[in-house]
Amino acid sequence: MYKKLIAMTLVLAACSCSKSEDADPEVESTRAEVIASVGTQVILPTIQVFASESQKLNTLAESVATDRLEQANLEELQQNWLQLATAWKKVSLYSMGPIDDDFLESGIYYTSVNTSGIESYIAKSTPVDAALIGSLGAAYKGIPAIEYLLFGNNESVEVQLEKYQGATASQRIQYLKALCADLKIKAADLESKWNSSGGNYIKTFTDASGRDINSSLGKLSNKMINMIYTIKDERIGAPNGTRNNGTPQPALVDAPYSDESLALLKAEIEGIQGAFTGDLAGGTSGLGLDDLLNQVGAQSETGLLSTKINSQFDAVYTKIDMIQVPLSRAVTEQSQLVTDLYTEVKKLQVLLEVDMINNLGVLLTFSDNDGD
Amino acid sequence: MTIQNILQKGQKLVSSSSLAFFRIIFGLLMLASLLRFLSRGWLEKFYIQPEFYFSFYGFEWIKPLPDPYIYWVFYALIIAAVTITLGLFYRFSIIVFFLLFTYVELLDKSVYLNHYYQVSLLAWLMCWLPMNGTCSVDQYLFKKTRRPLTPLWMVWVLRLQVGSVYFFGGLAKLRYDWLFEAQPLKIWLAANSHIPVLGDFLGYTWLAFVLSWFALFFDLTAAFLLSNKSTRMYAYVLIVLFHVLTHILFQIGMFPWMMIVTALVFFPTHWHQKILAIFERNRTIHLSSSSVPSNHSLTIGVLALFFLFQLMMPFRSYAYPGNVLWHEQGFRFSWNIMLMEKNASLEYEVIFKNNGKKIYVRPEKHLNTIQAKQCSFQPDMILQFAHYLNQYYKDQGLGNTEVYAICYASVNGHASRLLIDPEVDLVTQKDGFADKKWILRYRD
């Protein structure tokens, strides 16, 4: 009987192995290699782009006259702001290490801008310099504050220009220049803290190649999930009325002054996908979490799980592109399209939070576990 | 061996050293475990900080004592672990230990672990056994506790309890996922590829199959191999290797150490005697001075009922239709150890009845990380939290609510799907032992 059992076991094990060999593309990349690749091929270049965009915006701001802004200047600054903001959105996924430890995020992107406070500083005759900006709270600076200065309360270029050509023009320009300079320093600081030639957080990141809650994979997975929830609930759900019994609240959109919230949320999604695939749009191609999924042969109902997740990213982009007006208008004028986008993001959230995490086997809690 | 033989052999008097040995290792193990628990700040995180606790059905009346009294419970447990080890006021100590430990374990099911359950069961058994008969302080203080000899069945009782974890743990592995998909080991092994040397092999599917099947046979046979003189030593070496490996690979705390240490109860009495003699050199056991009470019928009757109950508990999940890994009805207290990688996404849709207003709530808003994770995929906890939300908003003066769960879960690498019927207002559902119809059936 015992011999029979052993024989049966071996046969069954052999069958099972041969059946699954096709889905087992050898062990090509370890988690350490994936983490190292995401760190060096995705995170560092993403931060580098952000730092260089902030430098560009600062250079542009420095080049304008001190007492008057022309239309071309304003439009160029606005375009550069958008590039900078989208660059930041891709970086914001990596709110770990220096960003968390040194509380850098609030100085870079704090959504609740104190517009009246900013206006009162502009109205004063005291000089606006680095010291003043340094002493101010997060609501007075960073990317959203620059957005407010460049776009006003979602006003036309003409209305904005009046502010930059009127009595308080030089104070306003001074404030704008000071904010851009402040941001450039913060971005350079962030880049330096990650780079191997500076704080070398990249080493900490690549060294933490385990699977516990403090490993880079654990942190990265958590950040991806948090980000997708933020996009679903804050960026789309809230303005679309999920907190208001279905009645839209357009004022809750991200980037309300520029009305670029769709472009920014797309950048956030692209940021998540970058970590997932290990590829940068128009840039290098490397190892990502999808390779780990492929390695364990992770399947969806329709094929490889990684393919399904990438298709879902595409489905989300398609829904974003279908919305032709700014999100603050779309929530009332094209609410079905916004709801459709919400639905697709929800699907992506489930795929990342449930299917991806299940197959990665990362531990997202700190305590003991023995099987449930 | 006939039943009569077994009964006769069970009555055979042997040295009490085995019971004393087990008492000492149990006490030391509990001491280490409690100190570890406190040193990690888990008491604060698990039993003081949460705003809500997931009580067990029927034990809702058990609540955590407020700070600092809950600390006193742990201090009392530590003192009890020490006095159990020393064999000082043993009966009182073990009863206090059993009651307090079980009290703590019943506070919140989100921190339920199989080995905590095992500790409660062993402590309960130990309440009935004279484990301070030798090698204890009691025997010097209270002469009537001296008992150099005890019937062999008392050692068997402990072996049965230790062995049942392996055996039922093995039976629980007889599932499709474990046998034919090598899950969850396939996922868990691949997740450990960062481990030096060993990690290079952990990504191979064949290894997951080999280890799954090995673990199955190991669990099913461990108790028998340990009971057999000729295989005992090999089996024990395997136990040590197996559990050390699980310690390296998985975040399972004291479980491996507990199994390694408690399995020593399978060694023969003279072996325990030798070990204890190291610490009690000058003492010789006077077999003639034994005062063995002849009547254990009450204890035997109670323990027989206990083991009958133990025999049935692991199988109660079969009373519910569907896959227990999915619906988890009868999952706990059944030695379902390391059987699944399960996770889920859970959001609640809360509708206020007085104005029809609808909001979405994530449990993380009210729960700590481990509570939120455990709650996300365990249907009874999902229901409990829905009731909590209803009460929470009532207390806020917002009136009655309807609470719906939007929960997608995935088990052992299978595609995610809805776990809970999103059309069912969970406020109207009650917990209980009846099949929960609002858990959606698992379809392959």
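**Entry 1: between the chains**

I started with the charged pairs between chain B and chain A, and the count there is 2 salt bridges. A note to myself before going on: this is a predicted model. One pair I looked up joins B:Glu347 to A:Lys346 through their side chains, with N to O at 2.8 Å. Opposite charges on side chains can pair when the charged atoms come close.

Next I asked how many residue pairs are in polar contact between chain B and chain A. I got 14, counting pairs with both residues at pLDDT 80 or more. The side of chain B that touches chain A then splits into 37 nonpolar, 23 polar and 11 charged residues.

I also wanted the extent of the contact. From chain B, 71 residues are in contact with 48 residues of chain A. Together the two chains bury about 5000 Å², and carbon and sulfur atoms account for 53% of that.

**Entry 2: a salt bridge inside chain A**

I widened the search to the whole structure and found 29 salt bridges over all chains. I picked out A:Asp254 and A:Lys89, whose closest N and O atoms are 2.8 Å apart. Where do these two sit in the chain? A:Asp254 is in the loop between helix 12 (216–237) and helix 13 (261–277) of chain A, while A:Lys89 belongs to helix 3 (residues 71–91). The pair links distant parts of the chain, 165 residues apart.

**Entry 3: the largest pocket**

I moved on to pockets. The largest pocket has a volume of about 1400 Å³. I counted 35 residues in its lining, and those nearest the centre are B:Ile6, B:Trp153, B:Trp156, B:Val157 and B:Leu160.

Which helix of chain B gives the most to this lining? It is helix 8, with 11 residues. Helix 8 runs over 152–171, and the other helices of chain B that each supply at least two lining residues are helix 1 (3–11), helix 11 (205–227), helix 14 (269–279) and helix 15 (297–312). By class I noted 22 nonpolar, 9 polar and 4 charged residues in the lining of the largest pocket.

**Entry 4: the second largest pocket**

For the second largest pocket I wrote down a volume of about 1000 Å³. It is lined by 41 residues, with B:Phe56, B:Phe59, B:Leu106, B:Met313 and B:Phe333 closest to its centre. Two or more lining residues come from each of helix 5 (90–105), helix 6 (114–128), helix 15 and helix 18 (379–395) of chain B. Helix 15 of chain B had already come up in the lining of the largest pocket.

**Entry 5: cis peptide bonds in chain B**

Last, I looked at peptide bonds. The bond from B:Asp67 to B:Pro68 is cis, and its omega is near 10°. I placed B:Pro68 in the loop between helix 3 (42–47) and helix 4 (69–86) of chain B.

B:Gln183 and B:Pro184 are also joined by a cis peptide bond, with omega about 10°. Where does B:Pro184 lie? I found it in the loop between helix 9 (176–180) and helix 10 (185–190) of chain B.

Conventions
Residues are numbered from 1 along each chain as its sequence is written. Chains are lettered from A and ligands numbered from 1 in the order in which they are written. This is a predicted model: local features need pLDDT of at least 70, side-chain atom pairs count only at pLDDT 80 or more; totals for chains, interfaces and linings use all residues. Side-chain values use heavy atoms; hydrogens and water are left out. On a 1 Å grid over the protein atoms alone, a cavity is a set of points where a 1.4 Å probe fits but cannot get out, and a pocket is an open set with protein on both sides within 12 Å along at least five of seven lines; lining residues have an atom within 4 Å of a point. Grid points are joined across faces, edges and corners, and a volume is the space filled by probe spheres set on the points. Helices (H or I, at least four residues) and strands (E, at least two) are DSSP runs, numbered from the N terminus. Ala, Val, Leu, Ile, Met, Phe, Trp, Tyr, Cys and Pro count as nonpolar, Asp, Glu, Lys and Arg as charged, and the others, Gly among them, as polar. Contact means heavy atoms within 4.5 Å. Buried area is the accessible area (1.4 Å probe) that two parts lose on being put together, summed over both. A salt bridge is a side-chain nitrogen of Lys or Arg within 4 Å of a carboxyl oxygen of Asp or Glu. A polar contact is a pair of N or O atoms within 3.5 Å; within protein, one must be able to donate a hydrogen and the other to accept it, and residues adjacent in sequence count only if both atoms are side-chain atoms.
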